[in-house]
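Here are my notes for a first look at this entry. Please keep the structure open while you read the points.

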Amino acid sequence: MRPAGVDDDVPMTLGARRFWRAALPVLVLILTLAAWDLVVRLNDIPPYVLPGPLLVWRTLVGDWAVLSGSLAVTLATALEGFALALVGGVGLAILFNQSRLLEYALYPYAVILQVTPVVAIAPLLLIYLPQQAAVLACAWLVAFFPVLANTTLGLNSVDHNLLALFRLYHASHWQLLWRLKLPAAMPYILGGVRIAGGLSLIGAVVAEIAAGSAGAGSGLAYRIAESAYRLNIPRMFAALLLLSVAGVVIFFALSWVSHLLLRRWHESALVSDN
Amino acid sequence: MADPDSAQPVVALRGVGKTFGNGTVALDRLDLTVRAGEFLSILGPSGCGKSTALRLIAGLSAPNRGGVELRGSADGAPPGVGFVFQEPTLMPWARVAGNVALPLELAGLPREQAAPRAAQVLARVGLAGFGDAFPRELSGGMKMRVSIARALVTEPSLLLMDEPFAALDEITRFRLNDDLLTLWQTLRKTVIFVTHSVFESVFLSQRVVVMTARPGRILTELTIDAPYPRDESFRTSPEYGAFCRHASQALREAMAMDEPVMEASAMEAAR
Ligand SMILES: Nc1ncnc2c1ncn2[C@@H]1O[C@H](COP(=O)(O)OP(=O)(O)OP(=O)(O)O)[C@@H](O)[C@H]1O
Ligand SMILES: [Mg+2]
């Protein structure tokens, strides 16, 4: 938590604040890269132990054909897993909301699926499913629960007076769901979705690593595993960099969608104009 | 009431009791009849079961004992009911027009037919041109007007209001009281108005029903025999003061406590 007024320790105009907000992280990045480069050069560290940032960059550009193909595979898996998690999570939460019995019967198993580490499940899934399906299942598995849990919470958090109002006007089940419960739950759902986006990538990567140790695969994580075997450390770094960038892009894209959907009315997305 | 037609009861509560699941007896043998076109206030201490009674009348909950009867037109069909909650209770994701049109759309009216009617009631409560605003862009008093517009949009013959102005400042509250009376006189609806303000109940209503603290029952009722339209001059008239004194005395009895009614003594001191 940020105590009130902490922003105001240095008097700044809005423009100056915006500038520093963007400039400071960049500055930190430059300093870090410079320090990294310096450490590698001064100590003469060989590239198979720690490559310098320039070498990583050159590898990224040089191996782009291989890496971008793998990135596409991993991203496609993550996005498919994410989409399935979204549909499954919201859908199941709606079912739970319509039927308490169903919720009582199934919710514990959703929790069990969530708390079991995906690293431990992935090798098993790889035995029983084709490799691509197993990777997808892992991405889905980790992304599914945050959507389910948040949507369930949201659907149950509807203002009771608004519920009474809808009842007064004899709203049907369907109207109640579409016109009241889902819109009211939207901020919660989007919160879950933002978490799920990053998790689906993690799920896909974990499964690919497991698959990679079995000697098959084509995703980015498989490239990392493969490069590790071959002591191609610069390529490992390049692939890792791509994964991080992909994660950040997913996060910002989902935050932006969330902002677009909520900006008109929800506190979390309102720009204070005082 | 000279009109014999309007003497017919719209709402009749007979020996109504309500006990909640946790054992709280909210209402105990409540009897109440409301005539068509009447403006009735229910006055009572906090927690005496006013909201509970209103929800029973609206059909939002069922009594454990006794009966709640609603009679609308001559053919016995139930009257349309509008409900105004203590909070504005608007959907924050919908524009003002969408909020007001909601009851019509829930009833299956197509949007293009609901929209003009919503605009009409919005104009009636003094919010013409605010249809495109979101609730968060409105002041507390304006939100309450939207809530009233939404209750009026189905043209109900019975309007139930649960302390609608309790959270507002006095100036806004006075203005909305005036507006409500104007609406009532033009639209001729039956209004049941719940409040814990002696002054509001006396200023607005033809009849004030005073409820006792839990379990809720009716202690007494006062007829406020003053002509409408009522305006600022009524608020400062000696008869208004007398009505208020009676009402607050009854309220004090209802609370069955020696605590003075703060509002009343403050008002008298101010005069
Ligand atoms: N859902 C509920 N479950 C259990 N008890 C309830 C419930 N709703 C109300 N009560 C109890 O019933 C009594 C009457 O409540 P009610 O809301 O009708 O009071 P009220 O007269 O409207 O009070 P206020 O003026 O503060 O709004 C209170 O004691 C309250 O605690
Ligand atoms: Mg109440």
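1. Start with the contacts in chain A. Among those with a separation of 6 or more, 71% join residues 24 or more positions apart. Keep in mind that this is a predicted model.

2. Next, the secondary structure. Chain A has 10 helices and 0 strands. Along the sequence the pattern therefore reads α-α-α-α-α-α-α-α-α-α.

3. Now the dimensions and the surface. Along the principal axes, the C-alpha atoms of chain A fill a box of roughly 75 × 60 × 30 Å. Of its 274 residues, 39% are buried. The accessible surface of chain A is about 15,700 Å². Carbon and sulfur atoms hold 71% of that surface.

4. A word on charge. Chain A carries 16 positive and 13 negative charges. Their mean positions lie 7 Å apart.

5. Turn to ligand 1. Which residues come nearest to it? They are B:Ser46, B:Gly47, B:Lys50, B:Ser51 and B:Thr52, out of 13 residues around the ligand. Helix H1 of chain B, residues 50-58, gives the largest share of this shell, with 3 residues.

6. Look at individual atom pairs. An oxygen atom of ligand 1 sits 2.7 Å from a backbone N or O atom of B:Gly47. For the side chain of B:Thr52, the distance from an N or O atom to a ligand 1 oxygen is 2.5 Å. For the side chain of B:Glu163, the corresponding value is 2.8 Å. On its own, ligand 1 has 630 Å² of accessible area, and the protein covers 66% of it.

How values were computed
Residues numbered from 1 in each chain as written. Chains lettered and ligands numbered in written order. Predicted model: local features only at pLDDT ≥ 70, side-chain atom pairs only at ≥ 80, totals over all residues. Heavy atoms only, no water. Helix = DSSP H or I, 4+ residues; strand = E, 2+ residues; numbered from the N terminus. Buried < 20%, exposed > 50% of the residue type's maximum accessible area, 1.4 Å probe, protein only. Contact = heavy atoms within 4.5 Å. Areas by Shrake-Rupley, 256 points an atom, 1.4 Å probe, with all protein chains shown as cover. Lys, Arg positive; Asp, Glu negative; His and termini not counted. Charge placed at Lys NZ, Arg CZ, Asp CG, Glu CD. Near = heavy atom within 4 Å. Polar contact = N/O pair within 3.5 Å; in protein donor to acceptor, adjacent residues only side chain to side chain.
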